[in-house]
Amino acid sequence: MKTEQELALLADADARAARYLESVETRRVFPDKYAIADLEQLGGVFPETSSDPSHTLELLDVVGGAGAVTSNGPNYYGFVIGATLPVAAASDRLAAAWDQSASSHLNSPAMAKIEKIAGGWLLDVLDLPREAGVGFGTSATACGVSVLATARAGLLEKLGWDIAQQGLAGAPLIRVVVPETVHVTVKKALKLLGFGMQNVIFAPVDDHGRILPEQLPDIDAQTILCLQAGEVNTGEFDLFDQIIPAAKAKGAWVHVDGAFGIWARASKQKKHLTKGIELADSWTTDGHKWLNTPFDSAVAICRDKSLLSRTLNADAVYSSAEDDAQKNITLEFSRKARGLGFWAVLRSLGREGVDALVDQYCDLALEAAAGIRDLGITVHNRVVLNQVLCSFEDEVKTKDFLAAVQADGEVWFGASVWKGKPVFRISVSSWRTQSRHIQGLIKAMSKHA
Ligand SMILES: *Cc1c(COP(=O)(O)O)cnc(C)c1O
């Protein structure tokens, strides 16, 4: 392919992307059944021969685009997915042309520097220990795996056991305590690491989904305690300032899953919810949710930087790098710079902008909750953050209502279960969502309420 053809193809992609973005305000939020059926056209028999790349791009745009979910729009309230801020999307676009393997300084001085700076700013904006190690990974799930492996290695090291050399068989037993409301991906990380669900201790929680400090199971120097900043249903926070000092005094490792909620810490109004979180040993969070970076961007933060790099080191004779090179503190070896989106957003929004973004979500969630209550729908949580957990008294009505709103396609939110009953959950996490969209959401709901 000649350079002109390559540039024409990229320009075509940009033009198509622009048309898509122009439509996110008005297009269906979830594709209809016809668009979903048409996705078959992306497949067929594996081609024997090559074809014009522009045809592949056109197919992707016309058929794939129609089957996409408009989560990068203002009317999507499902899960906590987040849209993408233009500066992050544009930086990603530019970096795609560079195509860097951002494993270390040697492979990409630019990306190594950018991720180092992003890591420093991240600790600053989240007000976490400035000396911590910051590994940028694909997801809070993957970052959870790396940091929980580090937690176990650290506790075992203190007991005189080198897991890297001696393995797990015969090792002192490490217990894990999690809230009953723990996120499924933390369980997944624990399963992958061989802890086994039967050995995990589930701590009882209160009505808001927070661990009850007075009912916290026994904790000792062989315990990893996982807490939450932003419970997935209610958006609530464990009582860090009560729980963490006590657990640390007993020698436990405290990890905080803050996939989206930890960003409350970047807001002057909401920071109090995270009081004491800085005392933990490790934290995970996402860029691709609340910070509105593109996928896949997440981070593992570990107070003991050296332990993180001892656990995840991937140096070889042909490839040795700094201890804190990203390949030595993340799961990946070859990787794109997952910290780029953090850098772009933090640099462009600054402290004030991140603060405003967090408050935007929280204020709009309160506005949504008020409108929803006016429709006679029960809101089950206090709405301390961006999550609104709702249902009708009647379970069947709750399910029918959700199906009807989803079928209309004007907005989208999903189902959850709270205290054993079906509910639906509205999450505000797109920079594009404004008050007028919330009013649109209420109107769309009112048709079926
Ligand atoms: C989304 C989420 C995760 C997992 O994050 P991924 O980036 O999707 O892997 C973990 N914990 C909570 C509370 C979440 O909301």
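A residue counts as buried when its relative accessible area is under 20%. By that cut-off, 51% of the 449 residues of this chain are buried. The model is predicted. The chain has 13 helices and eleven strands. Its radius of gyration is 23 Å, close to the 22 Å that the globule rule gives for 449 residues, so the chain is as compact as a globular protein of that length.

**Overall layout**
- The domain assignment gives domain 1 (3-68) and domain 2 (91-345).
- The centres of domain 1 and domain 2 are 36 Å apart, taken over C-alpha atoms.
- Along the principal axes, the C-alpha atoms fill a box of roughly 60 × 60 × 45 Å.
- Take the contacts between residues at least 6 apart in sequence: 71% of them join residues at least 24 apart.

**Surface and charge**
- The accessible surface of the chain is about 20300 Å², and 55% of it belongs to carbon and sulfur atoms.
- The chain has 45 positive and 54 negative charges, and their mean positions lie 3 Å apart.

**Backbone details in loops**
- A cis peptide bond joins Phe295 and Asp296, with omega about -5°.
- Asp296 sits in the loop between strand E6 (282-286) and strand E7 (298-302).
- Asp99 is not a glycine, yet it has a positive phi of about 50°.
- Asp99 lies in the loop between helix H4 (86-98) and helix H5 (109-125).
- Val383 is not a glycine either, and its phi is positive at about 55°.
- Val383 belongs to the loop between strand E8 (378-379) and strand E9 (387-391).

**Buried or exposed?**
- Asp99 is exposed, with a relative accessible area of 64%.
- Val383 counts as buried, at 3% relative accessibility.

Methods. Residues are numbered from 1 along each chain as its sequence is written. This is a predicted model: local features need pLDDT of at least 70, side-chain atom pairs count only at pLDDT 80 or more; totals for chains, interfaces and linings use all residues. Side-chain values use heavy atoms; hydrogens and water are left out. Domain bounds come from an automatic or database domain assignment. Helices (H or I, at least four residues) and strands (E, at least two) are DSSP runs, numbered from the N terminus. The radius of gyration is taken over C-alpha atoms; the globule rule is 2.2 Å times the number of residues to the power 0.38. Buried means under 20% relative accessible area, exposed over 50%, partly exposed in between (1.4 Å probe, protein chains only). Contact means heavy atoms within 4.5 Å. Accessible areas come from the Shrake-Rupley method with a 1.4 Å probe; for residues, only the protein chains shown count as cover. Lys and Arg count as positive and Asp and Glu as negative; His and the chain ends are not counted. The place of a charge is taken as NZ of Lys, CZ of Arg, CG of Asp or CD of Glu.
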